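Try each task before reading its solution.

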Amino acid sequence: KPPRASARKPLAERVAMTQAPASPAQAPVAPSAGLPAAAPGDSLRPVLARVERMVPFLQSATRTSSPDVLRALASNVQELETALRQVAATPDVADAHGALSAAIASAKRAVDASFAGDRVAEAHQAGLLVDAAKTALPD
């Protein structure tokens, strides 16, 4: 694997790239020049990881259906939904974004106090959709 472009530059130049310029006139024209481009899906990975960590709690909580626990999880699910809305569904991550959105919707139904369906099945569905999002996420 070839070294990153920034690793080939002299140390002084690499250090200078990380420091704020002394004045606006000294600001670099292209601050990201020489840095590797973000991989597709980098913006979605943190949200996916958070949803993935929540799934076991969701599945456990829906087996007991404790109103206090479901309310607490509902708040967490809402935060995840908000976080996902802030990630653009670009063409390269559209399938993963869609699956993750569906997973959050299933989780939201599972913890909704007025939901009369099978909470355990909804929580299981959320887990399957998270797995689908992981599979669809480009490397």
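This is a predicted model: local features need pLDDT of at least 70, side-chain atom pairs count only at pLDDT 80 or more; totals for chains, interfaces and linings use all residues.

Residues are numbered from 1 along each chain as its sequence is written, and side-chain values use heavy atoms, with hydrogens and water left out.

**Exercise 1.** Find where helix 2 bends, and by how much.

*Solution.* Start with the definition: helices are DSSP runs (H or I, at least four residues), numbered from the N terminus. The bend at a residue is the angle between axes fitted to the seven residues ending there and the seven starting there. For helix 2 it is about 30° at valine 55, and proline 56 follows within four residues. Just after helix 2, serine 65 has a positive phi of about 55°.

**Exercise 2.** Work out which residues of helix 2 are buried and what covers them.

*Solution.* Buried means under 20% relative accessible area and exposed over 50%, with partly exposed in between (1.4 Å probe, protein chains only). The buried residues of helix 2 include Val47, Leu48, Val51 and Met54. Their cover includes helix 3 (67–85), helix 4 (94–111) and helix 5 (119–136), where contact means heavy atoms within 4.5 Å.

**Exercise 3.** Sort residues of helix 3 into buried and exposed.

*Solution.* Leu70, Leu73, Val77, Leu80, Glu81, Ala83 and Leu84 are buried. They cover an arc of only 155° around the axis, so they lie on the same side of helix 3; the arc is that of the directions from the helix axis to the C-beta atoms. On the other side, Asp68, Arg71, Ala72 and Arg85 are exposed.

Methods. Helices (H or I, at least four residues) and strands (E, at least two) are DSSP runs, numbered from the N terminus.
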